[in-house]
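Hi everyone, thanks for coming. Let's take a few minutes to look at a structure together.

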Amino acid sequence: MEQEKFYYDNRIVKFFAYATLFWAVIGMAVGLLAALQFVFPSLSFDLAYTTFGRIRPIHTNAVIFAFVGNGMFTGIYYSLQRLCKARMFNDTLSYIHFWGWQLIIVFAALTYIFGFTTGKEYAELEWPIDIMVAAIWVVFGWNMFGTIIKRRTRHIYVAIWFYIATFVTVAVLHIVNSIAIPVHLLKSYPIYAGVQDALVQWWYGHNAVAFFLTTPYLGLMYYFMPKAANRPIYSYRLSIIHFWALIFLYIWAGPHHLLYAALPNWAQTLGVVFSIMLIAPSWGGMVNGLLTLRGAWDKVREDPVLKFFVVAVTAYGMSTLEGPLMSTKTVNAFTHFTDWTVSHAHIGALGWNGFLTFGMLYWMIPRLFNTQLYSRKLANTHFWVGTLGIIFYAVPLYWGAVVQTLMWKEFTEMGFLKYPNFLETVSQIIPMYATRAIGGALYITGAVIGVVNIWKTVKAGKFSKETEAMAPALAPLSSKRVSGESRHRWLERKPVQFLILSLVVILIGGLVEIIPMYLIRTNIPTITSVKPYTPLELEGRDIYVREGCYTCHSQMVRPFRSETERYGEYSKAGEYVYDHPFQWGSKRNGPDLFREGVKTGKNYKPDSWHYTHMMDPRKLNEQSIMPSYPWLISNNLNVSYTPKKIRVMQSLGVPYEDGYDKKAVADLQAQAVQIATGLKTSGISVDPDKEIIALIAYIQRLGTDISK
Amino acid sequence: MNLVKELLGSVAGAQIFGIISMIIFIVTFILMLIHTYSLRKDEINEFSRLPLEDNEADHKEE
């Protein structure tokens, strides 16, 4: 067979590798700032742009989509070409993908800083950027499939299956979860409300973890682990089972983020069962990765790359055991809304994604630059500092989570909550937050050492823009061979059919979960006293979303005595029917706010309290770690979009009367004057057209519908 | 769409979805297992060596 000569494009790999390192440092630095704000609330700087509610999405998005995203593309562009024995399909597409993705990241950071957010975790991007993401994702997929189709190998290696599943599933998740009706260029309302929105969001959120942070990195593991160990994967059969079982099971597990929430029981149970089943393929994958090193464990002592890989794969195993355990109702009742979740996520992000990325870069960069790694010693230092960082990050948070959740649930002998003041449970674990910040600082120090080491390596080496390779063209299969082959064998060389089958597999789970929520009315019992928000409350709610209040405050009272004693009546699905988007939250750094407005409730506070609290929380509670929001008091409320917002809400089925958009602003102003007058009697003089008035209106409305 | 709505809406309980999903999963899983173990050993070896054969001349080993 005649050999063909071709060249791998290394330049695109280098670009993505540099972007990975750049965004790693940025994303982690923002995370460190957020962590420090728990200990030193003054680090919010009393500025809108640097409050936790705005920088937390920047941190999560930067780490997930910028650091891990670019890391994934680095590995895919390197391995895909070599596994297909072909250059990338089209260089222009490669560079559109690269620059498009970086542009999206910059837009994301800017919009979050300025408070343009949809308020849905890990999907906070507003609609124009969502469209950009979809377009760039298609460019990536097109380029990938083009490369697979023109490959010179018969079999499509298992790593590429993981890349295909990543592409197709992320596309489906992103599109379904992002459907929204725009109000203006940077504001939209999701078409889903309340329980449906929550279910779609966590179907997305969970599978973003599965198909953005896990499957592509498993693909990288199946390529780079054998490369670094210089031996094939332990069991290729196991990798096939790992793949199909994982993508089939993952897609069902989303509802485990909503246990004990106002979600129908059958959906919760579905989430639990599939989460437990996920242990099997996840651990199959972990074992497969680790056993690849059988007979080569001595190399782990020497080679920093393998050290990073071993800890990465172990962290994968730990978090994929921990996740299913946290998905059982018993454990979830204990860990949900606490720092346990945060710690769990960081075992995955710092250990699995972070260490796999660094290991991969330490392996790849010297090869691309035709040199040795600048300093093995520095790489080992990075490894140890990073590992210590993970431990110092995770252990205090686990500890803090246990302490806090026990305090939330503790009753006195007389049957009262022992710690009725939420703040007491926060103050108790501040030392844990401080230690966590030290862990984060250690990890980022390691990352900076890594950047320096790689930079020195780059300086010392000579970059090969392209790598020459030889392989015979793919010959047409003889009819004899085709007739005797198995069906999967056929599938494994047909990328498009493979894509369709993967799509079917992931759609089954998604559809079974989501369609009934739409079609079966009994899933969300309506409550007649639940009415749409007034225009002022709606504007207040948009401020609540803008400031990212959901990053610290849940709006979901679970049906536990410890919660109903603390917050009031537990939440009902029917109470959220006009919530576009839902704001249930996933973490309580502060108390739940769902019954905040109930006058006879446990938490009711007068308007004047909210005013003073927003201006400076520490005036009321010295220990409070909440940021101050002075700009809400000086900013005028923008009512120019209020009529449009009402019309969009009407189009989504919110029953405002016909033509209400024309009356909305007058109603808004009347309600605002009423609140401002009330504040005046408490000695607070504030114009009715300030943002704070709208926010107070919204807070005082929360949870009140069923007690009318 | 209304037709579908009526059809699904008349299902007595949504529990059926849990049962359906379990059946689909078990069937798929068993088929996949059968397939995987029907692959020949030499095929498996050939596939698993793919990452190690990238036909590159200029890569330096450490």
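I'd like to start with a bridge: Y189(A), in strand β3 of chain A, is the bridge partner of I181(A). Keep in mind as we go that this is a predicted model. A hairpin of two residues links β2(A) to β3(A).

What about the two faces of β3(A), residues 187-190? Both are covered: K187(A) and Y189(A) are buried on one side, and S188(A) and P190(A) are buried on the other. As a reminder, side chains in a regular strand alternate between the two faces of the sheet.

Now for the aromatics. Across the whole structure there are 59 aromatic pairs. Take F162(A) and Y222(A): their ring centres are 5.6 Å apart and their planes lie at 20°, so this pair is stacked. F162(A) belongs to helix α5 and Y222(A) to helix α6, so the pair ties together parts 60 residues apart in sequence. F162(A) is buried at 0% relative accessibility, and Y222(A) is buried at 0% too.

Y223(A) and F224(A) also pair, with centres 4.9 Å apart and planes at 85°, so that one is edge-to-face.

Last stop, the helices. α13 (residues 339-368) and α14 (residues 376-409) of chain A pack at about 170°, with axes 8 Å apart. That angle makes them roughly antiparallel. Their contact residues comprise 16 nonpolar, eight polar and one charged.

Conventions:
Residues numbered from 1 in each chain as written. Chains lettered and ligands numbered in written order. Predicted model: local features only at pLDDT ≥ 70, side-chain atom pairs only at ≥ 80, totals over all residues. Heavy atoms only, no water. Axes fitted to C-alpha atoms, helices over the stretch in contact; angles between N-to-C directions. Helix = DSSP H or I, 4+ residues; strand = E, 2+ residues; numbered from the N terminus. Parallel < 35°, antiparallel > 145°, perpendicular 65-115°, else oblique. Nonpolar A, V, L, I, M, F, W, Y, C, P; charged D, E, K, R; others polar. Buried < 20%, exposed > 50% of the residue type's maximum accessible area, 1.4 Å probe, protein only. Pairing = 2+ DSSP bridges. Phe/Tyr/Trp six-rings, centres within 6.5 Å; stacked < 30°, edge-to-face > 60°.
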